[in-house]
Amino acid sequence: MTFDPVQFVTVGLNGLTQAAIYFLVASGFTLIFGLMRTVNLAHGSLYLFGAYLGWSVGAALGKTAEAWVVAIVVAFVGMALVGFLMQRLLLGWMAGQDLRQALVTIGLSIIAADLLLMRFGGVIYQFTPPPFLFGSTSIPFAVSGQYSTYRLFLVAAAIVIGLLLWLLLTRTKLGMIIRAGIDDRHMLSALGVDVPRVFLLVFALGAGLAGLAGVLGGSALSISPGEDARYLLSSLVVVIVGGMGSLGGVAIGAVIVGVAEQYGNFYWPYYAPLVTFGIMAAVLALRPHGLRGRPA
Amino acid sequence: MKRFATRRSALFVLALGLIVYPLVVSRFWSVTIGAHALILGIIALSLIFLAGYGGMISLAQTAIAGMAAYAVAILTVPRLPQQILAIPDEPHWPAYLAVAAALLIATVMGALFGLIGVRSQGIYLLMLTAALGVGFFYFAEANYDFLGGHGGIPEVVSPIGYTSQNPAVFYYISLAAAVALYLGVRYLVRTPFGLALQGIRDNPRRMRALGYSVGLHRIAAFGIAGFIAGVGGVLTVWYNGSISPGTVDLTRVIELLVIAVVGGLIFPEGAFVGALAFVLVDTFASSVPAIGGFSFRERFNTLIGLTFLLVVLFSPNGLIGIAQDLTARLRRRRSAPPREPLTESLSRVGRDPASAHADPASEP
Amino acid sequence: MRTRRMTLARLLAVVFVGSLFAGACQVGGGGEIKIGGLATLEGPFAVPGQDSFRGMELALDEFAGPKDADGKWTVAGKKVTLIKEGSDATPDVALAKAKKLIEQDNVDILIGPLSGDEGLLAIKPYAKQNPEKTFLNGSSAAQDTTFRDPAPNFFRFSTDGAQWQAGLGSYAYDVKGYRNMVLVAEDYSFPYTQVGGFMYEFCDKGGHVVQKFWTKLGEKDYSAVVSGIPAGIDAIYVALGGADAINFLTQYQAAGGTAPMVGGSITVDQTVLGAQANIPEDYILGTPSAGPIADSNDEPAWLAFVDAYQKAFPDGLPSPSLFAHAYYIETKAALLALEEVNGDLSGGQKKFMEALSKLKFDTPTGPVGLDANRNGIANQYVTEVAKKDDGSLYNKVVSVTQAVDQTLGLGADSPYLAQPVSRDFPSCP
């Protein structure tokens, strides 16, 4: 197709939107892995579960703008609770057995996917974000001079949440503990920190982020069965590219993957997945721990 | 002596049963249960080979089997679907050539995936191979030039015609392939290569110090596993009579893992036991009457997930592990010290070589 | 090590003996007719799939009812059971379920599938491998399932996707005045067929389809498409399934898109208009579409059908979808033919199949018969989306094209039918 600079810009914006969602989902994933070396393969299920939960709450409250905000909060808190329970009741007992934990999360994700299908069916659910977020905004270089307002909001939200996470990690005591744990877990307990409690907090936080992403992302792209697999896979790729345990890495990885995906889909549709996986393979060849990751 | 004779006769009964099987049961049971279980078992064998003897869990085996399946489909199908844009005329290769090409592709791609993951360990490798495996699914869905996209390639005829029309012959072909590959794996792990591979599984740093090339061994192992998966893939496309992205999607990837884990992740036999169990449950779940509104036919996946979870939590060595424990208890005899579950030994690999266990039972 | 192999041997021996027993226990019930129903219950066609089974049961209750204490119907003095299986719109699963129904459950007649690829790529080849069983279509509407190289035991009374678009291309050109359009459709056999049906007429009149956007089934993210739609076009032909259509419409609107739409048969049908989504109403009103049914059809046969549906399924859709309609017709055909041969399915079902191929009967949408490829000839409706007094949206009948055959009246020699429908054919940029 002929190259159109305006389309090029718009596709780039689409890539950033996608990157925003990927960042929100993968940030939780990388925190959990970075600190606890737990690969939470049920992360995508948390995204979907949070989205459905948020939708149910929003619908029960009448689908108003306030209901939407409540949905976001409920999704975050709800999934944080689920994450807490997962770590407390199952994963916490297998500390150190990474593979077993991963397999347990796979089992949970299979069950979760099926139960969600039973409850919510194969239908597509759409959210109702507040009206002022709906519709389009004028953007000078986009197609028809307009771009979806909600998507711009999404990018902004991801940046804000990213900043908050960064502040949490760098300016608070908890954040300091988390960063120390990512660097050297065993030393952490030697210093007298209640490591299991920190693990619970981080797992809850990571899970909550996934739920939050579910509502925010679902409002842009709607939700249905299969989204759990999609966002799990993208979390894996983003974190492999960006590096485990690094928030900056997730941001970079999300942007690379999101933007590459969109450009690939637009300009090279039959081979688009190769772009994403080619990037992943290239990063692994040069830096096996990701762009900003450290050796285990 | 007595035990030897009993074991001999048990094996004899088994072999007789396997051979006589298609002659006494219906077409459905020969092909859709029997051959299907054997084929899934072959692909699971490739996963178990890598996991049990190489210490590497690869979730990309389904994809590699799929690549072989696509290769056979493209090269032998009488008529390509109109969605395929980049191939003007059907290649119409003879079956033996197409199969050789497919197995070559599977081996090479297996080795390539091994190369990509050569510096990754344990859980990281699992994530990586999962991404690669599912990535192939997305590629198959998206690509219309060669792979036919969402619809895939239908009406692939095997050398013996549609396999459901020749149930006994197809069953025997699958059985022969399964037995050959199983014996091949058992033999391979006793060779110097096999032993080195297991050494690398247990303690790569030590092996490196001894002068073994850890990377090359791993890549070779992936290549071999790719070959095995490729055989499974060829049989799969003949079994289905078609290939489409649905054969390699995330559900199938996880199914294969479930089969391997439930069967027993470190035992090659586990591949086939797990596959048979899975196929039987899949078939019978729909016949179980609904209990209190909870229909197993519809909630089959929950059942699978629960079984998987229970196995991982309570018997990481799967069905074979359970059988082993039971037999040992029945005989009231202490056999060789039980092998440490793979899941635990794997956790220690690659972290602190000094504390990696010295496994007395190094013979599989 | 020996222990383990011994254990293994015993384990496998037990399992095999068990399967032998189970296999031997396959007893076929004599004098009973088993009908297998296959529709999608997962994925993007989950809602249409549920409606399909409603259509089947409606037909069974009407012509073979009432159900007895075991839940079985009766036709020609024989008991009839219905065994349902769900697929997910992929040929793989459709094939696996068809195998299960035919080989494990031993159904005599299979009615299904729902979606085009399942029919073309899975059921048609499978039917050819099982010449002694009868396969009736569900609602799958890919053209080549019957148009080229058909299976002699596959019967489609419900017509194909191109037939469904009869009259729409002309309507878009003549009445709406569209000249330059683009199209957005999913990349598989059914949308190819729908696009074909639309373009046969539209291109013939002199219209231009300047660009085609083929998307993945179940695509959530239409941003690439929305960015790519050129300025200055008169309208967009959208042949997306319900769930995808909702996504596309919302995203197109949000991006500031204004071009009006022409809809395929499942783009603005009841599963979409009745859905729980934020359909931009002022945009969708007036959208023309075409298909085998129309919500506002005031023929008595149609009204009776709607009434029966609403009574039997109070929590079904507000009005039966074309999926319920299609499965209803196919099931009715099977039952009528069974009546005619007195339930005689012996001899490879030859008599039954012959009765089917000669069958002509009345449906809620007019008379139906089969052509030489065992494909249906039936009426088709051109509609526009309108609003009822109670605020709900429906498809209002604009015109009816009678007795449309698979060539849409163009004749088998038409250059438009020279090649199979595909992404690139037909073409009029």
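Tutor: A salt bridge is a side-chain nitrogen of Lys or Arg within 4 Å of a carboxyl oxygen of Asp or Glu. This is a predicted model, where local features need pLDDT of at least 70, side-chain atom pairs count only at pLDDT 80 or more, and totals for chains, interfaces and linings use all residues. Residues are numbered from 1 along each chain as its sequence is written, chains are lettered from A and ligands numbered from 1 in the order in which they are written, and side-chain values use heavy atoms, with hydrogens and water left out.

Student: Which side chains meet in a salt bridge across the interface of chain A and chain C?

Tutor: The rule finds one salt bridge across this interface.

Student: What is the order of the open sheet of four strands in chain C?

Tutor: Strands pair if DSSP finds at least two bridges between them. S7 (residues 180-186) of chain C has seven bridges to S8(C). The edge strands are S8 (208-215) and S10 (261-263) of chain C. Pairing is parallel, and the order is S8-S7-S9-S10.

Student: Which residue of S8(C) is the bridge partner of Leu183(C)?

Tutor: S7(C) and S8(C) run parallel. In S8(C), the partner of Leu183(C) is Lys212(C).

Methods:
Helix = DSSP H or I, 4+ residues; strand = E, 2+ residues; numbered from the N terminus.
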